Amino acid sequence: MAASRYVDTAFYPTKIYVGNLPSSISLTSLRSLFAPFGDIEDMNLVEGKDFGFVTYVEPAAAQQALAKMNGAMLDGTYMRVNRAKIPE
């Protein structure tokens, strides 16, 4: 049932959502965590929130980062990594 709510949702092919981040995370730290999966085109942290976005040059890099980093522990919390939804 949960998967059905995303049937009509469009996702970016190279952009991933990274959530449940510690407040101490910096763009430099985030880049060092996600750079091993491929060339990063853009990244940002949403001010005052516990999430950000990483955009790769290649879709395969985004998929690999999602597969390897979702649920990874960072500073005592488990990161949530998902495909980034295109706003409706």
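In this predicted model, strand β2 (residues 40-45) is joined to β3 by 5 bridges, and the two run antiparallel. Together β2 and β3 make a hairpin that leaves 6 residues between them, and within the turn Gly-48 adopts a positive phi of about 80 degrees. Strand β1 (residues 11-19) also pairs with β3, again in the antiparallel sense, through 4 bridges.

The table sets out residues that stand opposite one another across these pairings.

| Residue | Residue opposite, in β3 |
|---|---|
| Leu-45 | Gly-52 |
| Asn-44 | Phe-53 |
| Ile-16 | Val-54 |

How are the two faces of β3 covered? In a regular strand, side chains alternate between the two faces of the sheet. On one side of β3 lie Gly-52, Val-54 and Tyr-56, on the other lie Phe-53 and Thr-55, and all of them are buried, where buried means under 20% relative accessible area. Because 5 of the 5 residues of strand β3 (residues 52-56) are buried, this strand is largely enclosed by the rest of the structure.

Notes:
Residues numbered from 1 in each chain as written. Predicted model: local features only at pLDDT ≥ 70, side-chain atom pairs only at ≥ 80, totals over all residues. Heavy atoms only, no water. Buried < 20%, exposed > 50% of the residue type's maximum accessible area, 1.4 Å probe, protein only. Pairing = 2+ DSSP bridges.
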